[in-house]
Amino acid sequence: MKRWMIPFMALAFFLAAALASLWEHDQTAETIKFFPLDREAAFIEAKTSLALEGGNEPGRYALRWSAASILNRRAYLRQDVSLLFADGRLADVLSKWKTNTDAIDMEKKVRIRDSRFFQAVSFHHGELHTGENITSSQTMSSSYLYVIDSPYHPRASFRRPRTDDEREWQRVLNKATNEFLRHKADELLTHFSLSKKDYYALYLPELVAYTEQPLPGLSTAKTQTVIGRLWEGLYKSYILGIKKEDGSILSPIGSTMPLILIRKDYSRLFVLIEAKTGEKVMLVQLL
């Protein structure tokens, strides 16, 4: 049986559990569970969007963040979850579930300061019941946005730069985010004694590309199984809070963007994260 487990290595590895939530929701229903994929169920719409709100409040601005999806049939349970990253760290989480529906629509305004490179990635999920048979349907979507908030430049946002100034801001923000993530990846790999050459490595937003193509050496069906089980584990073991060995809960907010390592023999998958507190987290899944 495929499950999330704690590896026996030096020091404590902090696997999360859905025993407590950082948000006020009904925990009996708030879960993502992977079941065999339904060949007939498909998402006819799935999107994530980011936009800078108007206003001239000094030092702060509002980012409008939304995710929506429509399945081609009503589902026993529909749930979407969206993660917002700013400069390589988790800034916020959106999550919503409904029963007996085909559609989910959620939106939030996030108040932030300073120039940022925002990336949002969403997992759209449906659980379908036909008699005693339970299947699921899934897809992903993503968006990104550069926001300039500087005393030396009018507040602005863009996805694709149109001017020399915007191209320079894109370069600076990309460089800062990439160097930060590279530095944290090196620290995490060293801490857990892992060699990157043994793995296919990608960050969570990069996983969205594999909604349309298989992972190297895998079939499309097996790729979707890997993705579905990954999100099931991330939701329970990361998004709802990271439970430490002493029973306390670490918030995922402020943690580094999850680094996904898939062994090239597809025997197991690791997710490496550094919490805002500096504590290093390894999630492990057998494939």
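Is phenylalanine 123 buried or exposed, and what is its relative accessible area? In this predicted model, phenylalanine 123 is buried, with a relative accessible area of 1%; buried stands for under 20% relative accessible area, exposed for over 50% and partly exposed for the range in between (1.4 Å probe, protein chains only). The model is predicted, and local features need pLDDT of at least 70, side-chain atom pairs count only at pLDDT 80 or more, and totals for chains, interfaces and linings use all residues. Residues are numbered from 1 along each chain as its sequence is written, and side-chain values use heavy atoms, with hydrogens and water left out.

The structure holds six aromatic pairs, where rings of Phe, Tyr and Trp (its six-membered ring) pair if their centres lie within 6.5 Å, and planes under 30 degrees apart count as stacked, over 60 as edge-to-face and the rest as tilted. One of them joins phenylalanine 123 and tryptophan 231: the ring centres are 5.1 Å apart and the planes are at 10°, so this pair is stacked. It links distant parts of the chain, with phenylalanine 123 in strand E5 (residues 116-130) and tryptophan 231 in helix H2, 108 residues apart. Helices (H or I, at least four residues) and strands (E, at least two) are DSSP runs, numbered from the N terminus. Tryptophan 231 is buried, at 0% relative accessibility.

Tyrosine 144 and tyrosine 146 form an edge-to-face pair, with 6.2 Å from centre to centre and 80° between the planes. Tyrosine 144 is partly exposed at 26% relative accessibility, while tyrosine 146 is buried at 4%. Arginine 159 lies over the face of tyrosine 144, 4.4 Å from the ring centre; a charge sits over a ring if NZ of Lys or CZ of Arg is within 6 Å of the ring centre and within 35 degrees of the ring normal. The charged end of lysine 264 sits over the ring of tyrosine 200, at 5.8 Å from its centre.

Helix H2 (residues 220-239) also holds glutamine 224, which is buried with a relative accessible area of 11%. Beyond its neighbours within four places in sequence, glutamine 224 is in contact (heavy atoms within 4.5 Å) with Phe34, Leu37, Gln138, Tyr210 and Thr211.

Strands E3 (residues 61-86) and E4 (residues 89-112) pair in the antiparallel sense over 21 bridges, pairing being assigned if DSSP finds at least two bridges between two strands. Arginine 64 stands opposite lysine 109 in E4. The two strands form a hairpin with two residues between them, and aspartate 87 in the turn has a positive phi of about 55°.
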